[in-house]
Amino acid sequence: MAEQESLKDKHEQDGGGGGGEPPLNVDALADNILTPQEMSNRMRVEFGEVIVEPEGTESVPQVLRIAELTYTWTKNIVYKVFTVILSILLAIVWGLVFALIAFSTVWVINPMARLYYIMLDIAGRFYAAIVATFCDPAYRSFGLIFSRVLARHQKVDDTDSAIV
């Protein structure tokens, strides 16, 4: 009984989420933008985080130590080799990509959008002139014709009605 009350108290303290988790905060999720430090924490690939032995099984300590040294050395050397070989090439590629995006935005996309809006304005003026010239007189005439029509609502007795 006392255990159930302590669980209930823990549940209320946790905000009803259970498991020690606070209640879901949507604003916090929307503001969850990773900093470079947080991104590097997600990319941790140290030996003890990648190679994990289950409880109850143990390797020979000397072999595990040699495996850890081999893993760490290989990871560091391969990373450095790829960095030396590809970093300059990839820096050039990404510099070109973002330079082309900036160039096309400034010198192609913005002027084309401006031209589109200018042409749309001119087309709109032509359309307005055509509507005013041809459609407005017809609509005024129809309006005058139908303004003289009188309509009257008359209820018909249902008892005398028969379909012939």
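Read from the N terminus, the elements of the chain follow the order α-α-α-α-α, and the count for this predicted model is accordingly given as five helices and zero strands. Of the 164 residues in the chain, 1% count as buried, while the chain exposes about 15,600 Å², of which carbon and sulfur atoms supply 66%.

Along its course, H5 bends by about 45° at Leu 86.

Leaving aside residues up to four places away in sequence, Glu 46 touches Tyr 71 and Lys 75. With Lys 75 the link runs from side chain to side chain, as a polar contact of 3.4 Å. Glu 46 can also be set beside Thr 72, for the two are 26 residues apart in sequence, yet their C-alpha atoms are 7.4 Å apart in space.

**Aromatic pairs**

The structure holds two aromatic pairs, which are set out below.

| Pair | Centre to centre | Angle between planes | Arrangement |
|---|---|---|---|
| Trp 94 and Phe 98 | 6.1 Å | 35° | tilted |
| Tyr 116 and Tyr 117 | 5.5 Å | 65° | edge-to-face |

Trp 94 and Phe 98 are four residues apart in helix H5, and therefore about one helical turn separates them. Their planes stand at 35°, and the pair is called tilted because stacked planes must be under 30 degrees apart and edge-to-face planes over 60. Phe 98 has a relative accessibility of 54% and so counts as exposed, since the cut-off for that class is over 50%.

For Tyr 116 and Tyr 117, the planes of the two rings meet at 65°, so this pair is edge-to-face. Are these two tyrosines, Tyr 116 and Tyr 117, buried or exposed? Tyr 116 is exposed, and Tyr 117 is exposed as well.

Definitions and conventions
Residues are numbered from 1 along each chain as its sequence is written. This is a predicted model: local features need pLDDT of at least 70, side-chain atom pairs count only at pLDDT 80 or more; totals for chains, interfaces and linings use all residues. Side-chain values use heavy atoms; hydrogens and water are left out. The bend at a residue is the angle between axes fitted to the seven residues ending there and the seven starting there. Helices (H or I, at least four residues) and strands (E, at least two) are DSSP runs, numbered from the N terminus. Rings of Phe, Tyr and Trp (its six-membered ring) pair if their centres lie within 6.5 Å; planes under 30 degrees apart count as stacked, over 60 as edge-to-face and the rest as tilted. Buried means under 20% relative accessible area, exposed over 50%, partly exposed in between (1.4 Å probe, protein chains only). Accessible areas come from the Shrake-Rupley method with a 1.4 Å probe; for residues, only the protein chains shown count as cover. Contact means heavy atoms within 4.5 Å. A polar contact is a pair of N or O atoms within 3.5 Å; within protein, one must be able to donate a hydrogen and the other to accept it, and residues adjacent in sequence count only if both atoms are side-chain atoms.
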